[in-house]
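Subject: Structure handover

Hello,

Here is the structure I promised to pass on. Please open it and keep it beside this email as you read.

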Amino acid sequence: MIVKPGPVLDFLLANQRVDNPGQIDWSKAKRTLKNLRIKATNSNLEYKISGLSDSICRKQTFPLKQRKEGANEGDEVQITVYDYFVNHRDIRLRYSGDFPCINAGKPKRPTYIPIELCELVSLQRYTKSLSNLQRASLVEKSRQKPMERMSSLKQALATSNYGADPLIVASGVSISTEFTKIQGRVLPAPKLMVGKGEDLWPRNGRWNFNSKRLIEPVKLDRWAVVNFSARCNVKMLSESIVKCGGMKGMTISPPFDCFEESPNNRRSPAVVRVEQMMELIKSRLPGPPQLLLCILPEKKNCDIYGPWKKKNLSDLGIVTQCMAPTKPVNDQYTTNLLLKINAKLGGINSLLGIEKSPSIPLVSTVPTLIVGMDVSHGSPGRSDVPSIAAVVSSRQWPLISKYRAAVRTQSPKLEMIDSLFKKVDDVDQGIFRELLQDFFISSGKRKPEQIIIFRDGVSESQFNQVLNIELEQIIEACKFLDETWSPKFMVVVAQKNHHTKFFQANGPDNVPPGTVIDNGICHPRTNDFYMCAHAGMIGTTRPTHYHVLFDELGFSADALQELVHSLSYVYQRSTTAISVVAPICYAHLAAAQMSQFIKFDEISDKSSSHSGTAGPGGVSVPPLPLLHHNVSSSMFFC
């Protein structure tokens, strides 16, 4: 993405999609502009933006050295930026007086320039995170059906003419102009079990709960609706939830009450709005509810979401489900909502047939812990935002459909999880101890004899670090709990960030769900394979590349591929197979949700005030708030 050159104010108006400069969010503008290069039109000099002034141009002052006769050399007088440019530089400012100035200096020696004198220079990469609308637009424009993708790849290869490069020719290397033909196979979709002992067979990687019941529905008799000034027919929504829940086997009583936000609070800060709403709820509810259904006014990036989740999950221990309906709620929307609510409250929507039996090879016969690990980093260009490490683990063996999560902060951009084992005063306060103890309690006081780890987000150059750093910590955590206990391990890395695509030789559609390729393009010595478990409905399917780094369990290639395929069908939030195993998706969700607990965007400005460990480069790493014990073992992230 390239930044459009031109006046800074025009860029901010387009970036924030507003018509009037008075509507610009200057805290967001500061993050967006940081490190971009500008040219000052009054001097024709280029600068790098370090931030914005604290005050508007008319009020922002700086020390100006006196040069008048009779004044002592070195005497300074405080003058506003506006006064300096208008009266001392004789530059007419039309609108800058009411907006912050661009700061192109250093922290202790700021250089303030009125915003209308600043223009972004050309050919700058935009390294910040895109807005949801920008991201959607980019995806829409880059989306291509399989035949279109094949055509564009062939055209690009013909245009580039790499094969004619003198160095390649001299080296005896030739580049084929045809796609590589390989043999693949399609795994059959696993049978699912739903309520009343019924079987459910997915078709094309999809299924639905029409006229079906959930296999383990919960009873919901203490709940309430909270509306943060959203336009929604709450009465109709509540009736729809009660009715649809009954059809799915859930016993749902009418909500105790609906709490509407006072119009006077709508312009208050998000934290204040949440606190005032909680005071209202406590004053009218007879006791803690099982669930608070929260209706948000905005679908994406709502400021209330983070404080609301933190208040409920960390402070009060109440399960909460947020929603932001933009259209009238239909049965499909309500069903999807109930799938999340049922999973969060401890129910199960569907199970694998082999899970219910149980007859999963090597997993159902021996207590086995399945783990998903992922690290989420700050937005591109934000090296001061802590990374979030999330680890989810299965519980209630022999099930592989129920999980819990543990999440920690760590140093910015650090990919290896450093808190799996953390000994403090002869006590292990690491992530893995927490997960092992939960498995022991929830699985009939059995310790896992096998641990299968799915790791996401690492490149080939980091494979050894996964084994030498992360696996070593996990082994230490096990030994710390019981020196005589030696479980067997399997480590599998899942990669999505690659450019490999598969096309059907005799058809225009995407490869069918369940497609596996383990020959021709795979490594000749290591155990790796590609899998397209999901149905590619839009664009061209991107397969997941699985690498087996370590295996003490003795899985055959077929058995492992069947397990990976099955784990793509246990995702409780949806009724489709997903592109990567469910534990990894849950780790993504847990990290994303708990990162909202802290306003990381403001850390760089207040890093000295945070109490936390210091990472490399002196960046403070604030710890995440702990989850309340009422919800710590739940699928709160679902």
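**What I found**

Start with a loop. Tyr162 sits in the loop between helix 5 (146-160) and helix 6 (166-170). Together with Val173 and Ile175, Tyr162 makes a nonpolar surface patch of about 290 Å². Keep in mind that this is a predicted model.

As background, strands of a sheet pair through backbone hydrogen bonds, either parallel or antiparallel.

**A strand with two faces**

Now go to strand 6 (residues 61-65). Its side chains alternate along the strand. Phe62 and Leu64 point to one face, and they are buried. Strand 6 is joined to strand 7 (residues 76-80) by five bridges, and the two run antiparallel. Leu64 has Val77 as its bridge partner in strand 7.

**Salt bridges**

How many salt bridges are there? The count comes to 19. As background, side chains of opposite charge can pair when their charged atoms come close.

Take Arg404 and Asp438. Their side chains meet in a salt bridge, at 3.7 Å from N to O. Arg404 lies in strand 24 and Asp438 in helix 12 (residues 431-442), so this pair ties together parts that are 34 residues apart in sequence. Are these two residues buried or exposed? Buried means under 20% relative accessible area. Arg404 is at 4% relative accessibility, so it counts as buried. Asp438 has a relative accessible area of 7%, so it is buried too.

Glu434 and Arg408 also meet in a salt bridge, at 3.2 Å from N to O. Glu434 is in helix 12 and Arg408 is in strand 24, so the pair ties together parts 26 residues apart in sequence. There is a network here as well. Salt bridges link Arg395, Arg404, Arg408, Glu434 and Asp438.

Further along, Glu470 forms a salt bridge with Arg455. The closest N and O atoms are 2.8 Å apart. Glu470 is in helix 13 (residues 463-481) and Arg455 is in strand 27 (residues 450-456). This pair links distant parts of the chain, 15 residues apart. Both Glu470 and Arg455 are buried.

**Backbone details**

Check two prolines. The peptide bond from Ser357 to Pro358 is cis, with omega near -10°. Pro358 is in the loop between helix 11 (353-356) and strand 22 (368-376). Trp397 and Pro398 are also joined by a cis peptide bond, with omega about 15°. Pro398 is in the loop between strand 23 (387-394) and strand 24 (403-410).

Then check two lysines. Lys196 is not a glycine, yet its phi is positive, near 65°. Lys196 is in the loop between strand 13 (192-193) and strand 14 (199-200). At 70% relative accessibility, Lys196 counts as exposed. Lys413 is not a glycine either, and its phi is positive at about 65°. Lys413 is in the loop between strand 24 and strand 25 (423-424). At 41% relative accessibility, Lys413 counts as partly exposed.

**An enclosed helix**

Finish with helix 15 (residues 582-595). Of the 14 residues, 11 are buried, so helix 15 is largely enclosed by the rest of the structure. The buried residues include Ile584, Tyr586, Gln593 and Met594.

Best wishes

Conventions. Residues numbered from 1 in each chain as written. Predicted model: local features only at pLDDT ≥ 70, side-chain atom pairs only at ≥ 80, totals over all residues. Heavy atoms only, no water. Buried < 20%, exposed > 50% of the residue type's maximum accessible area, 1.4 Å probe, protein only. Helix = DSSP H or I, 4+ residues; strand = E, 2+ residues; numbered from the N terminus. Patch = residues over 30% accessible without salt bridge, like charges linked within 9 Å, V, L, I, M, F, W, Y side chains within 5 Å. Areas by Shrake-Rupley, 256 points an atom, 1.4 Å probe, with all protein chains shown as cover. Salt bridge = Lys/Arg side-chain N within 4 Å of Asp/Glu carboxyl O. Pairing = 2+ DSSP bridges.
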